[in-house]
Amino acid sequence: MTGAHHGGHGPEVAIWKASIESSAPLLGDTGTRLEIVVIDLETDRRSSATSVDAWRPPMLEAGPGSSTARSGGSSGSSNAGWKREGRLTLPADFCTPGAVLIRKSPTQEGAPSVDYIGTIKLVSANRVFHFPAHSWVSSEHGWRVFFEGTAYLPAATPPSLVDERLRELQELQGTPTTRTLERRPADRIYWYQTYDDLSSPGDGGYRPALGADPRRPYPRRLATNRGATPGTPDRELPPAKGDKPWLPYDEQFSFDKAADFNGDTLTAALPAAFAFIAEAGDQRRLTWLNLLPTAVRAVVRNVLRTVFRYAEPPAANFDSFEDVLAFFGEDAAVRGSNTSPTHLYPAGAGAAMKGFGAPQDPNNPAPFKTATGAWDFRLDSAAAAAINDQIAADRVGPVYDSATGAPSNAAATAGVTAYAATAADPSANGARAATISAPPQPGTPSLIGRLGSAVWRRLTNDPSHDINNLLYFPVPRVLDGRPDAWYADEEYGRQALAGFHPTAITALKQLPQEFGSAIRGEHIKAELQGATLEELVAAAAGGAKPRLYLIDHWDLSAYWAEAEAEAEAARKAGKKPTSAVQHAGRCLFYLRKDEATGEDSALVPIAIELAHPGTHKGGSNGAAAAPLPPTAGVVYSRSELVASPKTLAVWRLAKAVFRSLDSSIHQLVAHFNRTHSTLEPFLIAMRRQMSIMHPVAKLMLPHFRYTLNINRNARASLINAGGIIEKTFSAGAFAMRLASAVYGKSWTFKGQALPEDLRERGMLDSAGKPWLDYPFAIDGLDTWAALTSYFEEYISLYYKDDEAVEKDVELQAWWTEVKTEGHGDLVAFGLKTEQQVWGFTGPIAKRGDLVNVLATIAWLASGHHAAVNFGQYDFTSLILNASSLVRRPMPAPGEPAYKKLTDAALGPPQEKVFMTYLADPFSAVQVLATVKLLSAHARDEHTLDEANDYLVDPAACAANRSFIDAMKQLEAAIETRNANPANWARYGLAAGTAAPLPYTLLMASSPPGVTMRGVPYSVSI
Ligand SMILES: [Fe+2]
């Protein structure tokens, strides 16, 4: 091993061994033209600059991902990155390097160039020093500082590093002038901006900015500063044609993020796929094309000229329930999974049914259908190839920008600069090498040319990146092996506790009339096992176990007037208003007891109250005999409707319409607002105010990994005007305004802590235990407890007492900025007090408060997000279980539409009427592909059972290891819970009609892909 050698001649020097490791791919000029300077902690002196070009050439090696290999799932390709090793000549009295400075020079042609630096290691005679960098270095940055991994509170910073600590923060903060300038690619400046980037060009594309408006309070996002559209100050100019909105290099997805797809698929490939499908079906011509980056649009148009698989549009409606299940027809056939329900209609109703099993005409298959009747939206090979190329280009990220330089001569002659063109040898461990078949060509206009064919083949040959994989729909777990589950009322209630949206249910402790509801005792008395509504409410209000539970989604009604005005304006302008219909609704549940044992046996929906903009007008629809107040709707009583097979469809439709509303709130509030949007300003403030040396930054940065990237992409393609959410959710153009309304009304930071969240919803007894079998709460509270105890131990390593917390200037600057800049609207506009929003006023003054603040952030980024994100495909791809879109208003008794539904012949004829209310096939395929993408874990996902690689201090690493152990133990505990039939909400159904569906969403580990489990540290998809 290389040690320190005291030179015998001239000034005393020592030779140190040094290395730079990166998880980025080895391309053209990667890992070259870097210089390094060492700052000595004790002497405050700097070494002279060493060029790494004198070191061994960059070589490929398995990246850090390989040390955390998962069970199964991943194919042969691993997170390979590059490494450089060499020697540094340092003054002999350098003992403790505190920081290194690194500079990247432009390419030989003078073009900007970047490198990703993972970790830097310096080795003296007797010690190894780690410098966790995790950062892109650009030739436009000048010298960048990377500190050795020891954590220091600001007051404890070694004197030799104080200036560098401050200077680095100032660079990230910018000045009051630079922070508002338009961002350029290599910029590292973090500042705040409203959501003024949701509008799209063209008529009808305007969406009001969210944030900084008392009517539309919202958290801030990362500033891009493209300036306002002339005449519309709250509408940011779109990015230059073909460009993605700016994002700092350090926030971008890694090259190898996804096993199947990553969030970048949202911005180009997925809209392109939908454009192909729409064009092939001649539907909604060109609307998707307008969303695409220019380059992609050209490709799509080009291919469209020659590729039309079908002449007819997809059907406007599903024909029957079987027709919906046919989305999974091919997978069901391949795997022998039966998806056909057996008890869909009550016994004896069968004689009245018609139309089952109508055969396909094999000579004239319906559009987008196989000969066996399964839906098949996969693209033909030319279209798929065009999109796959785009996916490959997206995956290269910042490296693509810099892949213009020539490989260094040394590297080229060493022949170790390319990825293996074929699948990697799975037995390879450590360095792997392969020769280039066509080397990168600097300056070539084509991406393939610049990258070299070996890299290109590696990017495009991976079959898991084929867009058609995304358009293949496996049987979702809510259906798989349990075809009778989705329509059972017991399953409907179970999903409120263990489904994709377990965060909305509340204990009912008030009579419904007290909050304006029309639900009364007579609607539900047959369900209450001898009790009355009044008795149960009074008992719960008095502290007894609640037996009635409520999900209340009346908020969207706030936008009815505005929606109607916009629809009217569209009509006047000769445009078709949106086909979505917005409902407000409530669902009342009863916690049923086993009559024999008295034990809880199921949570059952017993009354659903729904209203839509026409409900309160009377007259035209003849809905209610007496006008309803705006706070009330039509009540659909389970006991009244399920008695007859004719009205059973009404009950099922009421459930579907309410679930659709619940699905909007899930996506916009529980998911996007409470995790994605809420967390972004916490990171912006942390980058600006807390040094990477800060122990809290080291603890928390893993919880923000890739969050800015996925949010940027979501604003570009998911939640923007005309984006996927608006097109496929009933909230339509009001989707994000709904999120803002609920944020303004209900959001508090204090209420995001899981125990507080559950307490506010009345779900805990006086001992802090959930009243009922509530898998999300039970597994979630264990996750919360493990996080809290880990953070307590960690924080006590660095803060000796409360005073140390209060005097931490970086921490307090961060907290103040979060409260005033990032989440300032609620207090600034008088919607709530500081105490209400944050739980305490002023600075963080106690260690306990700090632990609670950090645990709340970590919980939102990990457990809360995982619980509402990774079940999306397995619950909502079955649109019979959750249709995001409702296209017609829920009919009320006496209306013609009600009669049409109840009078239709049982079986497919009635189901066909039913399906005219829910998503059409074209909307459905968009939802399915999107939720499949959103539910997938990346190949390099970082889950809570894996180490935080920002930590270097031994005691901190030990605390982290204990936490990892706790996560593993919790996983085993959850398995045990899932296997116990007494846990009715996770085991199966009281009705016994279906196989169990274990609750796995809070199990920390997961292989890549759609797994319905796994808790990543951060919101990254
Ligand atoms: Fe998400």
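Residues are numbered from 1 along each chain as its sequence is written, and side-chain values use heavy atoms, with hydrogens and water left out. As the model is predicted, local features need pLDDT of at least 70 and side-chain atom pairs count only at pLDDT 80 or more, whereas totals for chains, interfaces and linings use all residues.

The iron ion has as protein donors His-671 (NE2), His-676 (NE2), His-865 (NE2), Asn-869 (OD1) and Ile-1021 (O), at 2.1 to 2.6 Å. Donors are N, O and S atoms within 2.8 Å of the metal (3.2 Å for Na, K and Ca); water is not among the atoms, so sites may look incomplete. Helices (H or I, at least four residues) and strands (E, at least two) are DSSP runs, numbered from the N terminus. His-676 is buried at 2% relative accessibility, and Asn-869 is likewise buried, at 0%. Buried denotes under 20% relative accessible area, exposed over 50%, and partly exposed the range in between (1.4 Å probe, protein chains only).

Helix H17 also packs against helix H21 (residues 735-746), their axes coming within 9 Å and crossing at roughly 60°. Axes are lines fitted to C-alpha atoms, for helices over the stretch in contact, with angles from 0 to 180 degrees between N-to-C directions. The two helices are therefore oblique to each other (under 35 degrees is roughly parallel, over 145 roughly antiparallel, 65 to 115 roughly perpendicular and the rest oblique). Contact, defined by heavy atoms within 4.5 Å, involves Ile-665, Leu-668, Val-669, Phe-672 and Asn-673 of H17 and Ala-735, Met-736, Leu-738, Ala-739, Val-742 and Tyr-743 of H21. Of these residues, ten are nonpolar, one is polar and none is charged.

Most residues other than glycine have a negative phi. Arg-33, by contrast, has a positive phi near 55°; this residue occupies the loop between strand S1 (13-21) and strand S2 (34-40) and is buried, with a relative accessible area of 17%. Asn-225 has a positive phi of about 60°. This asparagine is found in the loop between strand S11 (221-222) and strand S12 (228-229), and is buried at a relative accessible area of 14%.

Key: Ala, Val, Leu, Ile, Met, Phe, Trp, Tyr, Cys and Pro count as nonpolar, Asp, Glu, Lys and Arg as charged, and the others, Gly among them, as polar.
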